[in-house]
Amino acid sequence: MMRSGTIGILLFLFFSCTNKNASNEIAPGSSFGEINTVSIVVDDYLWNGEIGDTLRKKWAAPVDGLPQEEPLFTLNQYPTKVFEGMVKKNRNIIVVKKGTKESFIHKKNHFASPQQLFYITASSNEALVKLLEQKSAEIIKAIKESEIIENQKRILKTPVSDQLIQEKFQVKMALRSNYKYELVSKKFLWIRRELATGYNSLLLYEVPISQIEKNNTIVNNILHIRDSIGKKFIHGSVGKTWMISEKAYSPYFLQTKIDQKQAFETKGTWQLKNDFMSGPFINYAIKDTKNNRYLILDGFTYNPSKSKRDLVFELEAMMKSVVFLP
């Protein structure tokens, strides 16, 4: 899970800047790859043993907050002898190999741009496993942060106007093409993208700081507020159905930052009361002390029997693009 304090600033710079590599030189060519895909360069005899098991356990672990198990990243394995040509142009690469001494090297934009490239070397299987265990959190964090930025860059190529968001909530936000304003109220927006088998939705609203921080039960307050918003605005196709938070499982909850402001991230499952529709949600409550409010961004996905990982990640990228206006 990513904790980001700089994504908002980086997005703001996207409107006027071009990414450069770590040595301030333009990398030779653009990288490619699907969002949340990682190339693992490791020989077959290691991939089919405990080294491969460790890689899969860490980088293909189930994503928090999804109703069905889906891997954190899609892994594509290549033997070291084919690590050339287009494989070197992949955006996220982890190279694992045996060597005479232990080493961990992280390079950015080495063969293409943007790119996260990691070399992990050790003299034995035991040492490789230990090094992978030690460095996994650092690698995952770097890849997740860069994938958020990459997703935001793609969104900004064909954006939907955020003028209504600016007018109602005094923030800028990147909105992907095909999202439409489903419902507009005085201090509430429902923005939705239709899918072939469902939809992706994003809600924006605000509440006083006291409503989130009362009684020191922040996560319960956030869930209570989102349930009241669901009852007011998000209804099913039949009577007496509305969106609520699933109570059977505890949500994933952590503190983070968006546009350098304190925020709370809550991930869980939503359902329609008195109905069978359900899916994952991701909620950010961003503290805006200047205006005595929490800006609430609530994204939820309905895509039954289909993958939801990248849909939720798309919502996360849009929500983390928020920049508060002066």
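In this predicted model, Arg 192 and Glu 182 form a salt bridge, with their closest N and O atoms 3.6 Å apart. The pair links distant parts of the chain: Arg 192 sits in strand E8 (residues 188-194) and Glu 182 in strand E7 (residues 179-185), 10 residues apart. Arg 192 is buried at 17% relative accessibility, whereas Glu 182 is partly exposed at 41%.

Asp 298 forms a salt bridge with Arg 226, their closest N and O atoms being 2.7 Å apart. Because Asp 298 lies in strand E14 (residues 293-302) and Arg 226 in helix H7, this pair ties together parts that are 72 residues apart in sequence. Asp 298 is buried, with 0% relative accessibility, and Arg 226 is buried too, at 2%.

Helix H7 itself covers residues 218-233, which makes 16 residues. From first C-alpha to last, H7 reaches 22 Å, close to the 22 Å expected at 1.5 Å a residue. The buried residues of H7 include Ile 222, Leu 223, Ile 225 and Phe 233, along with Asp 227.

Lys 320 and Glu 316 also meet through their side chains in a salt bridge. Lys 320 is buried at 1% relative accessible area, and Glu 316 is buried at 5%.

| Salt bridge | N to O distance |
|---|---|
| Arg 192 and Glu 182 | 3.6 Å |
| Asp 298 and Arg 226 | 2.7 Å |
| Lys 320 and Glu 316 | 2.8 Å |

How many salt bridges are there by this count? The count comes to 19. Elsewhere, Lys 187, Glu 206, Asp 288 and Arg 293 are linked in a network of salt bridges.

How values were computed:
Residues are numbered from 1 along each chain as its sequence is written. This is a predicted model: local features need pLDDT of at least 70, side-chain atom pairs count only at pLDDT 80 or more; totals for chains, interfaces and linings use all residues. Side-chain values use heavy atoms; hydrogens and water are left out. Helices (H or I, at least four residues) and strands (E, at least two) are DSSP runs, numbered from the N terminus. The expected span of a helix is 1.5 Å times one less than its number of residues. Buried means under 20% relative accessible area, exposed over 50%, partly exposed in between (1.4 Å probe, protein chains only). A salt bridge is a side-chain nitrogen of Lys or Arg within 4 Å of a carboxyl oxygen of Asp or Glu.
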